[in-house]
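Subject: Structure handover

Hello,

Here is the structure for you to look through. Please open it next to this note and follow the residue numbers as you read.

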Amino acid sequence: MTDKIVIVGGGAGGLPLASSLGKKLGRRGRAEITLVDNSASHIWKPRFHEVATGAIDADLDAVDYRAHARRNHYHFALGKMQSVDSENKQLVLAPHCNAAGEEVLPERRLDYDYLVLAVGSRGNDFNTPGVRDHCLFLDSRAQADRFHDRFLDLCLRANHRAEPLSIAIVGGGATGVELAAEIHHAVALLKLYGHEQLDRSRLRVDVIEAGPSLLPVLKPALAATVKSELEKMGVNVHLNTKVKSADAEGFVTADDQRIDADIRVWAAGIKAPSFLAELGLAHNRINQLMVSSTLQTEDPSIFAIGDCCACEMSENKFVPPRAQSAQQMAKHLSRNLQRQIAGEALKPFTYRDHGSLVSLSNYTAVGSLMGSLRGGSVFVEGWLARMMYISLYRMHQVALYGWIRTAMLLLAGRFNKLWRPRLKLH
């Protein structure tokens, strides 16, 4: 009887895993692989800030799950995970409704022999009053599109009235920093497309970070470089500044100072989806499922990868919630599931930190690459770092499409730039 593998979540870990298992097991009929996602298409989450500002057109860059499934020998099921019936080994999908609230698909059940949860993470508002009601998040394509629409509307108004435009971002991690730089780049480009009165001198961007520095994953010297580059653009960086509430006008800090803004973005901290804490499996305070070195939960038939799991590397040190972690876990789990089906022992997962790269739009990029010839790290910035940053996404495409199709996509993108605007304008 063919084993059934169900993967929930088509993100940075789930989609490469489905692709790999489809090619290795699905094509040969050794397993039936099903990918479940509540969206019909995939956008690489580290690029949501570019979708938000219009730096990329998500309609052109998205991966259609159904088309990808057909090419890679797995099945796709549109739907949202509702619960897990572990006794009968069934995944329960909630009824699927359209934008008007009409039910399109009823509740469904998918049988599984092995279930992989790769549902990623969400922004963590730490129960800060007003944040959910008055801030935008960048956890999904829909949220990035919402920011884009709001951003274009405000730019249009600011241009017409020749008035300032203000955006405040809470969180000095990669998302907050990269979004701030992309906003400045987008405003500069909009001036070329009919917004003559809109100028970067009228733009105010605030990045608010509770900690002592931006980008804690980087060495202090590199974090200081990023801060300096942002400030050169005109971004106001607030360090050691904790936000205690948000309202329709802006943020209130712990020392009762106000930072007002037309658009308020929350990009501080993460937590796994709350439904994971209701599965009856061990989890931590931010809802991440506790997994062993083989990426298995307490139920050996249920695995978890990426941001939604907590995998201990050493005492009190866990695999960081980053795209490269999800990709490494997906690659390892693909091999382990092949071993499982072949009746072989599973091997433990080992995380390898390849470093961090942060892009400041077209202006520059900085980062550190781990594993130099001396076993330490190499610091890179400028054009070289920018090219390396872009290559990370190209490698993600290679995992999904292979080298030939990725090269064709790269070529098609070059041709698109000859006739399409440099910014998504609608």
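Below is what was found, starting with the basis and then going from the whole chain to single residues.

This is a predicted model, in which local features need pLDDT of at least 70 and side-chain atom pairs count only at pLDDT 80 or more, while totals for chains, interfaces and linings use all residues. Residues are numbered from 1 along each chain as its sequence is written, and side-chain values use heavy atoms, with hydrogens and water left out.

**Overall**

The protein has eleven helices and 27 strands. Both are DSSP runs, numbered from the N terminus: helices are H or I with at least four residues, strands are E with at least two. The protein has 426 residues, and 50% of them count as buried. Buried means under 20% relative accessible area, exposed means over 50%, and partly exposed lies in between (1.4 Å probe, protein chains only). The accessible surface comes to about 20500 Å². Carbon and sulfur atoms hold 51% of that surface. Areas come from the Shrake-Rupley method with a 1.4 Å probe; for residues, only the protein chains shown count as cover.

Now contacts, meaning heavy atoms within 4.5 Å. Of the contacts with a separation of 6 or more, 64% are between residues 24 or more positions apart.

**Salt bridges**

Side chains of opposite charge can pair when their charged atoms come close. A salt bridge here is a side-chain nitrogen of Lys or Arg within 4 Å of a carboxyl oxygen of Asp or Glu. The whole structure has 15 of them. Some examples follow.

- Lys4 and Glu32 pair at 3.4 Å, N to O. They link distant parts of the chain: Lys4 is in strand β1 (residues 3-8), Glu32 is in strand β2 (residues 31-37), and they are 28 residues apart. Lys4 is partly exposed at 23%. Glu32 is partly exposed at 32%.
- Asp85 pairs with Arg109, with the closest N and O atoms 3.2 Å apart. Asp85 lies in strand β6 (residues 81-85) and Arg109 in strand β10 (residues 108-111), so the bridge ties together parts 24 residues apart in sequence. Asp85 is buried at 18%. Arg109 is partly exposed at 45%.
- Glu229 pairs with Lys232, with the closest N and O atoms 3.7 Å apart. Both sit in helix α8 (residues 220-233), three residues apart, about one turn of the helix. Glu229 is partly exposed at 22%, and Lys232 is exposed at 62%.
- Arg157, Arg161 and Glu163 are linked in a salt-bridge network.

**A buried valine**

Val63 lies in strand β4 (residues 63-64). Is Val63 buried or exposed? Val63 is buried, because its relative accessible area is 4%. Leaving out residues up to four places away in sequence, Val63 touches Leu15, Ala40, Ser41, His42, His68, Leu400 and Tyr401. Take Ala40: Val63 and Ala40 are 23 residues apart in sequence and 8.7 Å apart in space, C-alpha to C-alpha.

**A positive patch**

Lys24, Arg27, Arg28, Arg30, Lys331 and Arg335 form a positive surface patch. Patch residues have over 30% relative accessible area and no salt bridge; like charges are joined within 9 Å, nonpolar side chains (Val, Leu, Ile, Met, Phe, Trp, Tyr) within 5 Å. Lys and Arg count as positive, Asp and Glu as negative; His and the chain ends are not counted. Each charge is placed at NZ of Lys, CZ of Arg, CG of Asp or CD of Glu. Arg335 is in helix α9 (residues 323-341). Arg335 is partly exposed at 46%.

Best regards
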